[in-house]
Amino acid sequence: MNRCSLALSRAIARVTDSALGPYQTAVIRIGFSLTWLLFLLREFPHRQELYGPDGPWSWDLADQLVATNDAFTPLLWSDSQVWFEAVYALAVLWSLLLLLGWRTRTMSVLFMVGVLALQNRSVFMGDGGDNVLHLMSIYLVFTRCGRVWSLDARRARRARRAAGARARGEWPRDRTGPVLWGVLGLLLLLATLAGRMDGDWFIPALLWTVWLAQALWWLVGRYAETGQPRILLDVVANAVHNGALLVIMAEACLIYATAGWYKVQGSRWQDGTAVYYPLHLEYFSPWPALADLLSASGTMVMLVTYGTVAVQVAFPFTLFNRRVKNVLLAFMILEHAVIAVVLGLPFFSLAMIAADAVFLPTAFLRRLGNLAARARGRLRPRGTPVPRPRSPADRPADRPAGKDPAGTAPAPGGVPGPRT
């Protein structure tokens, strides 16, 4: 009984003490925001046909569908051209800010709103990756995805170095956050009073919950006399983050397991020829010569067909073996990269690679971050180096001890004091 209680207490402490997988969630944030941003930028010339009034799925048809399924999409709040352009431009902006990690808690919510606004407006526009992006945009709201590799993390480090806020239990003032919170709260209130939130209850409830949680977080950090309330909020935030991370991992496993088991039941996958057919479809052949080269060998087609099924079915069961999991993960990422080039599905592949990133090893991600930091340091122009303080051994022999050219008093340890 004591062993069980001890193991349970350790598990609870691990879940609540810290936000697990900070590098993995940062990669997920960067991956999905980059995927959506690139898609919106590439389809910018065709935005009217995809999500605007010029598309085959007209505003009236979309409005009728939303009236039956209660999907959340601010794009149907008005049929104005100005409103459409504003929503599309804001979706691009929110994706960019989430990619950079600026106000990640708020931007994750707005990123979700942008994804739902466009995807629920035209439900037939997508290639499979849109479904993954749709789900992950909701899951990201519950994660603390800006702990590393973000502007928020850099701002927090600078604040701690400048004021020693964490050591004294103080937190630096934040004016941008309350202003952003107030403006968004006003817009949310106006939308609620105007009846724009009368559909499905989940998204409006989520928006109000996050808004109130942000208010509570700021009030506790600002006015709490002790650090206990802040610690309690950290515990709740860590538990929610870790639960969302578990859901993301389960979702990725479910996607691969479902795809693999459905493939097993197909006759073309059973006889090893399934990969051959999409390579010869005009819609999925941006490089016909490359497709012909890959499908020229029947043995290669059979190995890729059977290998894809085996990896997808086996992957959820390999999570308990780190080495096997990493090998299969590398194979799946490589497979999606090939699909992006050969079949012309870059955004589907980017979305799946971003989902796979939740299983990447932390040591690998840290090493990748260090390499990126070194590359950024080499590209950054070097300024004049600041001279280090001189030690007593560096003092010239003809200069008396304890004196410097300016005549200032020596600092402790014999190091000359700063000049004034």
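V341 is partly exposed, because its relative accessible area is 45%. The classes run as follows: buried means under 20% relative accessible area, exposed over 50%, and partly exposed in between, with a 1.4 Å probe and protein chains only. V341 belongs to helix 16, residues 322–342. Helices are DSSP runs of H or I with at least four residues, strands are runs of E with at least two, and both are numbered from the N terminus. Leaving aside neighbours within four places in sequence, V341 is in contact with P286, W287 and L290. Contact means heavy atoms within 4.5 Å. P286 is 55 residues away from V341 in sequence, yet the C-alpha to C-alpha distance is 8.2 Å.

The model is predicted: local features need pLDDT of at least 70, side-chain atom pairs count only at pLDDT 80 or more, and totals for chains, interfaces and linings use all residues. Residues are numbered from 1 along each chain as its sequence is written, and side-chain values use heavy atoms, with hydrogens and water left out.

**Overall fold**

The chain holds 18 helices and 0 strands. It has 420 residues, of which 37% are buried. Take the contacts between residues at least 6 apart in sequence: 72% of them join residues at least 24 apart.

**Core**

The largest nonpolar core has 77 residues. Such a core is a set of buried Ala, Val, Leu, Ile, Met, Phe, Trp, Tyr and Cys residues joined through side-chain atoms within 4.5 Å. F32, W36, L40, Y51, M112, L118 and L207 touch the most other members. Helix 6 gives the most to this core, with 10 residues.

Y51 is one of those residues. Leaving aside neighbours within four places in sequence, its contacts are W36, F39, L75, F84, Y88, L118, Q119, R121, S122 and M125.

T35 sits in helix 2, residues 22–42. T35 is buried, because its relative accessible area is 4%. The T35 side chain reaches the backbone oxygen of G31 at 2.7 Å. Leaving aside neighbours within four places in sequence, T35 is in contact with F347, L350 and A351.

**Aromatic rings**

There are 16 aromatic pairs in the structure. Rings of Phe, Tyr and Trp (its six-membered ring) pair if their centres lie within 6.5 Å; planes under 30 degrees apart count as stacked, over 60 as edge-to-face and the rest as tilted. Two of the pairs are listed here.

| Pair | Centre distance | Plane angle | Class |
|---|---|---|---|
| W57 and F124 | 5.0 Å | 80° | edge-to-face |
| Y283 and F284 | 4.9 Å | 90° | edge-to-face |

The W57 and F124 pair links distant parts of the chain, 67 residues apart. W57 is in the loop between helix 3 (47–50) and helix 4 (59–69), and F124 is in the loop between helix 6 and helix 7. W57 is partly exposed at 21% relative accessibility, while F124 is exposed at 60%. In the other listed pair, Y283 is exposed with a relative accessible area of 70%, and F284 is partly exposed at 24%.

Charges also sit over rings. The rule asks for NZ of Lys or CZ of Arg within 6 Å of the ring centre and within 35 degrees of the ring normal. R47 lies over the face of F44, at 3.9 Å from the ring centre. The charged end of K263 sits over the ring of W269, 5.2 Å from its centre.

**Loops with positive phi**

Most residues other than glycine have a negative phi. What is the phi of R103? It is positive, about 55°, although R103 is not a glycine. R103 lies in the loop between helix 5 (81–100) and helix 6 (104–119). R103 counts as buried, because its relative accessibility is 11%.

W149 also has a positive phi, near 55°, and is a residue other than glycine. W149 is found in the loop between helix 7 (129–140) and helix 8 (151–163). At 33% relative accessible area, W149 is partly exposed.

**Cysteines**

How many disulfides are there? The count is 0, where a disulfide is a pair of cysteine sulfur atoms within 2.5 Å. C145 is buried, at 2% relative accessibility. C253 is buried too, with a relative accessible area of 11%.

Conventions
A polar contact is a pair of N or O atoms within 3.5 Å; within protein, one must be able to donate a hydrogen and the other to accept it, and residues adjacent in sequence count only if both atoms are side-chain atoms.
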